Amino acid sequence: MPGSGNQGMADLLRDRVWIDEGADAPEGTLRAFLSDGSLVMTSCVETYRLAPWRWVSDGKVVWEEDGANVRAEVVMIEKDTLVLAIDAGGGAVDTRTYRAAKSPVVCPDLPR
């Protein structure tokens, strides 16, 4: 992983929009870890969420969601790829792969 401690990872993670590549992710699912400690989460079919996030140790982040802390480990981060191992609770880990968004990105029209 780049750099030492969180700094190299933080420079790659922060202030970028990351789109979930998982086939099971709702269309347009994205995360944006802002340097002010806000995490933007949304998709083309969900209401957006703003949540506080922070580093808790080297390569580990935590954010709040519905009153619970969600922990994740940065498994890999490069210029265009982010892999997070998210603690889904009960010992389950959900590994998610994201790609860096390149604008323009527009959600498709959804059937009504």
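This is a predicted model: local features need pLDDT of at least 70, side-chain atom pairs count only at pLDDT 80 or more; totals for chains, interfaces and linings use all residues.
Begin with the whole chain in a cartoon view and follow the strands in the order S1-S2-S3-S4-S5-S6-S7-S8, which form a closed barrel of 8 strands with antiparallel pairing. From one strand to the next, the twist averages 35°.

Next, select residues 49-57, which make up strand S4, together with residues 60-65, which make up strand S5, and you will have an antiparallel pair joined over 4 bridges. Within this pair, pick out Arg 54 and look across to S5, where Val 62 stands opposite.

Now move to the loop between strand S3 (38-42) and S4, and select Ser 43. Is Ser 43 buried or exposed? With a relative accessibility of 7%, Ser 43 counts as buried, because the limit for that class is under 20%. If you show the side chain of Ser 43, you can trace a polar contact of 3.0 Å to the side chain of Glu 46, and the Ser 43 side chain also reaches the backbone nitrogen of Val 45 at 3.2 Å. Leaving aside residues up to four places away in sequence, Ser 43 touches Pro 26, Glu 27, Gly 28 and Thr 29.

Finally, go to strand S7 (residues 81-89) and select Ala 88, which is exposed, with a relative accessible area of 53%.

Terms used. Residues are numbered from 1 along each chain as its sequence is written. Side-chain values use heavy atoms; hydrogens and water are left out. Helices (H or I, at least four residues) and strands (E, at least two) are DSSP runs, numbered from the N terminus. Buried means under 20% relative accessible area, exposed over 50%, partly exposed in between (1.4 Å probe, protein chains only). Two strands pair if DSSP finds at least two bridges between them. Axes are lines fitted to C-alpha atoms, for helices over the stretch in contact, and angles run from 0 to 180 degrees between N-to-C directions. A polar contact is a pair of N or O atoms within 3.5 Å; within protein, one must be able to donate a hydrogen and the other to accept it, and residues adjacent in sequence count only if both atoms are side-chain atoms. Contact means heavy atoms within 4.5 Å.
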